[in-house]
Amino acid sequence: MDDYQAGSLDPNIPLLLTLGVSAGSIHEAKLGAALKDQAILIRSELPALDSDQAHALLGYIEDHDASQLPANGRDTSRRYRFRVKTAERSFLLPPRRARLPDGVESPHLSATLHSPFSPLSPVSPLYPDGLMDAQWILKHQDLVPSVLLCFYDLVSDPTLATLCDNRLKTDLNNLRGLLSQSGYKTRLAVVLFSDQDSHSVDSVQERLEAIRRACAIDAKSLFLAPSGESPDELERMAENMLTTLYGVAIEYFRDLGRHSRKKKARGVVPQPTVSPTSGTSQTLSLAGWNVRYDFKSAMFAEYRLELGNALLSFEQAYENLLGPELLEAIPSWSPRWNEARFLADVIAVRCLRCLLWNGQHSAAARRWQSHRDRIAEFVDRRGRGISNYGWKAWEARWAIVMANLIERTAIPDFTPATMNLYLQPEKNVMGERLQPWELLHHTGYWYHLAAKHLSARRNLAHAMSEDDRRPPSSSPASHVANKAFTYDTYMCPDPHDEYPLNGAGGVDHSRMIVDCLKRARSEFLKRHQFRFAAELSLECAKELALVRDWKRVVELLRSLWRDMSFRSEGWLAIAEDLSWALRSAAAAVGDADLVIAIDWELLGQNFTRRTNWHYDITRSLEGIAPKFKPSVHIEHGELLPFVSPSFVFRDEEGKAGQSTRGQLAIKSNAQQGSAPVVLKSIEIEFSGSVGRVVLQHQAGAATEPRKHGSVALSAVSLTDAAKDGAISEVENLDESNRKLTLHGNANLTLLPGQTTVFGVDIPLREAGETRAVALKLGFESEAFDLQQSLYFGSGINSSNLWYISTSSTKRVARAIPLSVRVLPRPPKLKIKAPAWKDQYYNDEPIQLEFGIVNDEADGALAKLDVDLFGEDTPVFSIEVVGQGAGDALPSSTVVNDESKLRGVSLGTIESSKALTVRLNVPPIERSNRYDLTMRVTYHLSTAPGTPILQTALLQLNVVNPFEANYDLLPRVHPDPWPSMFDYDGVNGLSGGDDDGNDGSSGSGNAAHAASTTLTNMSHKGISQAWCLVTRYASFASEDLRVVDVDIRVQTARTVRCFHTKQLGVLPPADEDRGRGRLIRPRTIVEAAFDIDARKSTLDGRSPSTLDVSFVIKWTRCHPDTSSSEVVVNTTTLPVPRFTLFGTEPRVLASVSHIPPNPPSLNKDNSSTRTPQLAVLHLIIENASAHFLTFGVSMEPSDEFAFSGPKQTTLNLLPVSRRSVTYRLLPLPRPPPPTPTPTTPSTNKALPPTPATPGGGAGGTWIKPGLVVRDKYFQKVLRVIPTEGMKLDKDGGVLIWIPPDEEEGETRSGEKVEAAE
Amino acid sequence: MATAIPSIACLGVIGRNNNPLHVAIFPSYDPVTNSFAPVRTPLQFSLLLSSTLDVFELRARHNAATGVGLSGDFGLLHAVDERLAAYGFETNTGTKFVVLVDMRGRRIDGAIAAGLVDIKEKRLGAVAVGLREGEMKPVFKAMQTAYVKLLQNPFFDPDEHAPPAGHGGKKITSRKFADDMRRIGETWTPGVTNL
C-alpha cells in the first residue's frame, strides 16, 4: 500500500484545521513549488492563545483524530470523524485558480482559469489529457480544511471587553474575507475561551450574539468554553462541539458532491485554459470527464461516510475507466496508460474499502480478484504481458494491499482469539458457487500469496537476458526502445535497476519475500497454525539461504528442527527437506553439533537418498573446524535414529544367583551403500537389580561374529567390573545402591541393513522384575563424539525375535520379552524338625526342637522369625541350643490370635553345620490346632546384599489325651441314721463297729478313719454312700502311662464328703517301667471311687450337689529327652454335677451272701452241706419330714425259697430308715440260658466285680418279686439295687448268686483290706 | 487465462496420529503449456496436507467448545491461495481425508458439454467456477467407502498404521486402495454426485 502515492489510498476523512493555538506540530501545507508561490495565505492577526484551557481542548481534539481508526462500519460509537491539523497563526491554501504559465500568452482574454489540479490547467501534470492524480485527493485530505476552527479569548474585564470584542470581530471578518476570496467553501467555526466560570456565562450571551452577528457566523459554529471547568465538562463541551462541527463538515462535502454531480449532468467537455500544443494535443474526452466527476462524487460521498453511494460512483468510474473509450484507447507506451492503471487501482482499493466497511467480505475478495483478472487481461492483451517481473510485482503489491486493507479494517471476527481462518460469506452470496478464496482469509494467507508472487517476480527478473539488464547508457538505443515494450515497469523499476548486470544494487527481492513471509508467519502463529508457520519458516529459510544469510537460517530452523511435528508424525519428506536446509546452513555457520546430529539422522534410509552424498558419519565435519571437539548427546525421540534396537530375554523367569541369557539386536537402517558405523560402546541399562551392560568395541574381538545374510551374531562374555579392581570403592557404597556393571568386548560395527545381535549372559542378583530399559550408543571419531539414547519398548521394538543362529529365529511369545522375572534365590539352608510328633497333648509342656542346617557353600548369618497362629495362642520362648542360655529367653508377643517372635539372631551358621533351636511352649489347656511358621532370613557372607528366605510351615496339634464318662451309683451307708428322738445317741451311733455291714464305704487308712469320726461328730445329719464309676479312655495316638487317678470333690458347705479309691483302679507298679498303668490308644479303663457324704445337720433337708473333677496323672511312655526326670502331667477332666440327698424316700436293696456250711446256720439240714444263702436287705430311707407308711410284699418264686415277711407294713418316722431282711435260698436248677453277664458296658447297674473272671461262669441271677408300695399314695417305689445286684428290663431287682462250688468270697471284705 | 473449472489436485489420507497414510497427486491443466501437470511438487503437497492438520485441530477444539460438528465433514479447511483449496473430513476414528482442489484444474470445454456450467457463468469468462457447500461430500463418501473396504481386509491392521499410543505409523500399501483414490481423483468434477 505504501508503494502508492501518499494519500492516494488513504481513507477520506474531513480535515479540521485549528487556528489560534500554539501547538507542537504545526500544519505545513505540502504544496509543490509551482503552487507554493501562488498559494493563498490565511492569517489571523491576533496572537495565538497559550492558555491551559485552550491547550486542553486542542489536546482533546487532537487525541480524537480519526485518521488511524479502523475503517470499519460497525463502530457506531463515534459520532464524528475528523482528521485534525493545527495551525498557529496562519496557513496556506492552494490556489483556487491556476495562473497562466509564464511563457504562454493567452490567445484570447476570455480564457478561463481552472484549478491547478485539473487537466485543464497547463500547470497540472495532467494537462492536457490526464485523468486524475493523487494531488487532487491530497488536496481535500490535507490542504483544504472542511472546517476552520478558530480559538479566541473572550475577555471579561469590562474595560477591555469592548476593545477585545472589536479586535476579535475584525480578525474574524478578515479571515472570512480571505477564505471567501480564496474560493474555497471552508466553514468557519469559532471557539471562545471565557475567563469567567460557567455561572456567569449568561451575561456574555449578548456579547456572543453581537460577535456572531458582526461576523455573520452560523449559530452552530460559535462555541463558548467557560473557564475553570473540570476536565469532564470540557470533554463534554468538546464532544458536543465536534459533533456539531462534523455536521457542518458533512454539509461542506455535500455541497462539493452536489457541485461535481451538477458538472457531470452538464455533459460538456470543458475547454482547457490553453489548448495543448505539444504531443498529440489531445484533450480529455467526455468519458474521461465523467470518470473524474464520478470519482469526485464518490470521494465526497466517502468523506460523508455514505459508502454505499460512494461504492456506486466508484464502480461507475471504474467501469468507465476500463471501458473502450479510456483504457482501451490509451496506447500502452503512453505514461497515461500507467496513470490510468494507477487510477484503476485507486478506485479498486477504495471499492474494496467500501465493501469491507459494509461487511461484504466475500464481495471484497471477489472484487479483489476481478480487478486482478481484468487488469491482467488488459495488460496481457494491450500491455506488455503478464509473464514478466513487472506484472508479478504488481500482483504481489495487490495482495499486500488487500492484506493492509484487512488489517486497517480490523474486522472483529478476524482477531486471533476467534481462531477464524476465513470469514463466512455474507448472506446474499451464501448460496452461490463461491470460490474458496472468496471466503475472506486472514492476512497471513495474503502475505503468503504476496511472497509467492514476489518470488515469481524474482525468478522472472533473474530470467532476463543480460542485454536487457544493461543500463540504458551502455546499450544501443534500439535495444532500449525494445526493452521499453518488453517489460512492464508500472510501479516498479526498469530491468537494469530490477536486476543489474553487475549485481550491485537492484531490488532486494529476498528481503521483500522474507518480510512478507515473516508477516504471514506471525499471523499463522497467532492462530495456532503451527505447521503452516513451520512451512513458512522453511520457505523463509530457503530464501535466506539464497542470500547466504546462514546465521538467520540456523536461528529460524534450529528450534523447528528440534521439535518439529513432521518427524514425529511421519511427514518424512518435509523433515528431510528441512534437515538438509538446516544442515547446509549449520555447516556454513560452523555449528558442528547440529551438523553431526542432522547427519546422524539423515543416515536412515527412511529418507530419500541424495546422490553424490558421502553418507559417512565420520566425514560429517569435513570443512568445519570447531574450536572444541564436539560432543553430541541425542536423547530418545529427538531424532529418528537409523538404528532400531531390541532386547529379548530368552526366559520369562530366572532365579537369583543364576544367570539368564539375553540378546541385543541392533538393526541398522542406514542408507544402502553408506559407510559402516563403528560404535565405540553400547550401554544397556536395566531396571531392577541388574545394573548396566557395557559393550566396548574391539576390532579383533575374541569371538568374531558369525555372519549370514543380513544378520551378524556374536556371543559376548561379560565380566564384572567391580570384581576386577574397583572393589574397594564399590564397597563403600550402600549395599542396595550398588548396581552391577558388566563389561564385554565385541565388534560393534554396524553395516547398513544388517542386524547385529549380541548374546549376553546376565547374572541375576535379586528377586523382582528386571527389564531392559534403555540403550546408549556411543560413537567416537577423531573429530567428534556422539551419544544416542534409545528406549526399548516403544513401537520400534516390536520384533521379539530370538536368534538361534544367524539364519534361524524363533518368536518369543511373551507379552514383554524385554523383561525377566527374577525369582528369589532357592534357599539351601534347611529347617528340620526331626522329633516332630503328630500330636501333642494338653496340660503338657511342649518342647519343639528344630535343626537348622546350612547346606550353602558359605557361612550364613541368619535370623529367625516364628509365628504361631491359632486360637488362644500361648506365649512361647525360643532357646538356641548352645548359645547364651543364661539370658532370659526371647519370648513371643501375642496379637490377635497370633503369637510372634521376630528377629531371633541365630548368629552365623557355618557351612554344613547345624544349629538346634528349641521352642518352649507352656502347657496348653484346651485342645487346639496351631500353624507354626518358622522363617529363617539369612544372607551369605559372600553376598551380603542378597537376603535369602527359608520357610518351614508346620502344624501343631494339641489334643486332650483322655476322655471319660461317669456313673454315680447309690450304696447303702453302713452307719445308722441319727434319730430325731435320740439327741445323745448321735455320737454313740457313730462309734459302733460297722464291719458287719456290707455298705463298704469305710475309710481307707486309720488317719482317714479318724478324720471321718471327727467329722461325723461335727456333722450330725443323714449320710449317704455312693460309688462313682469312671471309665476313661485314651485318645492319644500312642501309649501313655497313667501314674495315678483321683477325684477332687467339692460339695456344698452343709455336706461333708469323703472319697476313697477302690482297689484295682491301678495295677501295681510295673517292674520295668515303674508304677502306673500303660494305656494303649483307644482303650477304656474303669476306676471307681467310693463317696461317703453326710449332712451337717439333721434339719438340713434340701438336696445338695456334688461337683467332682477327675484327675489323671500321666507320663509319656517314651520320654523324648534322655533327661532322667519323667515329667508327670496332670489332666483334669470335669465330671458332670450330681445331686445328693433327695427328699423323696428311696428303697435300697443290698445283698450279702452267707457262704455254705456256716455252722451256725446248719441246724435243720445236717446231712448234706447247707446250701448257699443270700441275705437281702431292703432299706427304706425316709429323708422327708413326713410320716410314711410302706407296704412290702415278697412274692414266692420257683427260683428260690425265702424267709422273711411275705407281706408287711413299715412305718417310717421322718428322717429315718428301716430295713427288712430276707434270706433267700436259691433252688438248684440248671443254669438258665439268660445272658449271664450282660456285658458290663451295657449293664449300667452292674458293679465292676461280676466282670471279674469266673464271676459269671456258674452263678445265676435270681429275681425276687419284691414290691414296696407307698400306702398313702398307693405308689410303688422302685427298688434300687446296690452292689452285687442289678436291675432287669422291667425294673425289677436281680440278685447275683455266685456258683455253688466257689469259695466264698466277699467283695466287701476285699475292699476294706485293699484300701490303702 | 483460459476459463477453467475445479478439479482435484491431491487426495490425502491422514491417520489418527496425524501421520500420512496415503497421498495421491493429480495433474492439473496448465494453459501455458497446454498440458497436464501437477501444480505442486510432492513435497509441497506434503506441506499443504500437513498444514491442514492445523485446521483440523482448530476445528476440533472449536467443535468441542461449541458442541457442534458431529458429522465428520469439516467442509472448507482453508484456501491456500486463489487456486488451491483444502477440504477436510474426519472419521470418528480420527482418520482424516483431505481433498486439495485446484480451482482451475480443468479446461471448461468438457464441462460445458456436461452442462455443468450455465450460460451466466460462462459469460463471466475469466472468473472461474466456484464450489458450493457440500460439493465435496461425494468425494469424502467415496474415500470413506474405499477406506472401509480397506479396513475390511483382515490382513490390514489399523494399529500398525496408527499405533494407539505412539507416533507415526506405516503408510497404506494396498494397491486397490490406491486405485480407488486415483479413480476418485480423476473422475470428480463439480456437480458429480456419485463416485
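Glu339(A) forms a salt bridge with Arg336(A), with the closest N and O atoms 2.8 Å apart. A salt bridge here is a side-chain nitrogen of Lys or Arg within 4 Å of a carboxyl oxygen of Asp or Glu. The model is predicted: local features need pLDDT of at least 70, side-chain atom pairs count only at pLDDT 80 or more, and totals for chains, interfaces and linings use all residues. Residues are numbered from 1 along each chain as its sequence is written, chains are lettered from A in the order in which they are written, and side-chain values use heavy atoms, without hydrogens and water.

Glu339(A) and Arg336(A) both lie in helix 9 of chain A, 3 residues apart, about one turn of the helix. Helices (H or I, at least four residues) and strands (E, at least two) are DSSP runs, numbered from the N terminus. Glu339(A) is partly exposed, at 28% relative accessibility. Arg336(A), at 15%, is buried. Buried means under 20% relative accessible area, exposed over 50%, and partly exposed in between (1.4 Å probe, protein chains only).

Arg336(A) also forms a salt bridge with Asp129(A), again with the closest N and O atoms 2.8 Å apart. Asp129(A) sits in the loop between strand 4 (90–93) and helix 3 (134–143) of chain A and Arg336(A) in helix 9 (residues 335–357), so the pair ties together parts that are 207 residues apart in sequence. Both Asp129(A) and Arg336(A) are buried.

Another salt bridge joins the side chains of Arg1137(A) and Asp1107(A) (2.9 Å, N to O). Arg1137(A) lies in the loop between strand 43 (1129–1134) and strand 44 (1138–1140) of chain A and Asp1107(A) in strand 42 (residues 1104–1116), so this pair links parts 30 residues apart in sequence. Arg1137(A) is exposed, at 56% relative accessibility. Asp1107(A) is partly exposed, at 26%. Over all chains, the structure holds 66 salt bridges.

Chain A has 26 helices and 56 strands. Of its 1316 residues, 51% count as buried. In chain A, 6 strands form an open sheet with mixed pairing, in the order 27-35-34-29-32-31. Strand 27 (840–841) and strand 31 (893–895) stand at the edges with a single partner strand each, so one side of each is left without a neighbour in the sheet. Two strands pair if DSSP finds at least two bridges between them. Strand 29 (residues 860–869) and strand 32 (residues 898–909) of chain A pair in the antiparallel sense over 9 bridges. Ala860(A) stands opposite Ile909(A) in strand 32.

Elsewhere in chain A, strand 6 (residues 187–194) and strand 7 pair in the parallel sense over 4 bridges. Leu224(A) in strand 7 is the bridge partner of Leu192(A). Side chains in a regular strand alternate between the two faces of the sheet. In strand 7 (residues 222–225), Leu222(A) and Leu224(A) point one way, Phe223(A) and Ala225(A) the other way, and all are buried.

At the interface, 43 residues of chain B are in contact (heavy atoms within 4.5 Å) with 37 residues of chain A. Chain B and chain A bury about 3,400 Å² between them, 57% of it on carbon and sulfur atoms. Buried area is the accessible area (1.4 Å probe) that two parts lose on being put together, summed over both. In chain B, Leu47(B), Asp54(B) and Glu82(B) lose the most area to chain A, together 18% of what that side buries. The two chains share 4 salt bridges. One of the salt bridges in the structure joins Arg531(A) and Glu57(B) (3.1 Å, N to O).
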